[in-house]
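Please keep the sequence and the structure in view while reading.

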Amino acid sequence: MPTLRLAEVQLSERPRERLFRLGPASLTLVELIAILVGTGSTARDAVGVAEDILAMGGGTLRALARRPPAELARVTGMGRAKAARVAAALEVARRLSGE
């Protein structure tokens, strides 16, 4: 069965809407990253791009956080602005864990 593109998913089941309805703890890691990514490309929606980004870190945030933003920017559907957004969020998380 083919995976639905985010545009084909019922509006109430999209990550951002689920976050507001159910809270951020109810979302998967991929969905949370997809919200940071915001949009995808013609080839991949934001969830697909988030899957690619997380895979780049071997499925863990700790490994993903060690990747340089320029490497994140090379993922199809990313670019410099989205890579900066994801890298900044990971840095905020690192600083939060140190407080």
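Predicted model: local features only at pLDDT ≥ 70, side-chain atom pairs only at ≥ 80, totals over all residues.

## The end of helix α2

Just after α2, the residue G38 takes a positive phi of about 85°.

## The buried face of α2

Which residues of α2 are buried? They are V30, E31, I33, A34 and V37, and when one looks down the axis of α2, these buried residues fall within an arc of 160°, so they line one face of the helix.

The cover over the buried residues of α2 includes helix α1, together with α3 (46-56), α4 (61-65) and α6 (80-98).

## Where α1 meets α2

On the side of α1, the contact is made by P15, R16, R18 and L19, while α2 contributes E31, L32 and I35. Sorted by class, the contact of α1 with α2 has four nonpolar and three charged residues, with no polar ones. E31 belongs to this contact and is also listed among the buried residues of α2.

## Where α2 meets α3

The helices α2 and α3 pack at an angle of about 110°, with their axes 8 Å apart, and they are therefore roughly perpendicular to each other.

From α2, the residues L29, V30, I33, A34 and V37 meet A46, V47, V49, A50, E51, I53 and L54 in α3. The residues of this contact divide into eleven nonpolar, no polar and one charged. V30, I33, A34 and V37, which take part in the contact with α3, are also among the buried residues of α2.

## A residue before α1

R14 lies in the segment before α1. Is R14 buried, partly exposed or exposed? Its relative accessible area is 23%, and because buried means under 20% and exposed means over 50%, R14 counts as partly exposed.

Although R14 and A34 are 20 residues apart in sequence, their C-alpha atoms are 10.0 Å apart in space. A34 is one of the buried residues of α2.

Definitions and conventions: Residues numbered from 1 in each chain as written. Heavy atoms only, no water. Contact = heavy atoms within 4.5 Å. Helix = DSSP H or I, 4+ residues; strand = E, 2+ residues; numbered from the N terminus. Nonpolar A, V, L, I, M, F, W, Y, C, P; charged D, E, K, R; others polar. Buried < 20%, exposed > 50% of the residue type's maximum accessible area, 1.4 Å probe, protein only. Arc of directions from axis to C-beta. Axes fitted to C-alpha atoms, helices over the stretch in contact; angles between N-to-C directions. Parallel < 35°, antiparallel > 145°, perpendicular 65-115°, else oblique.
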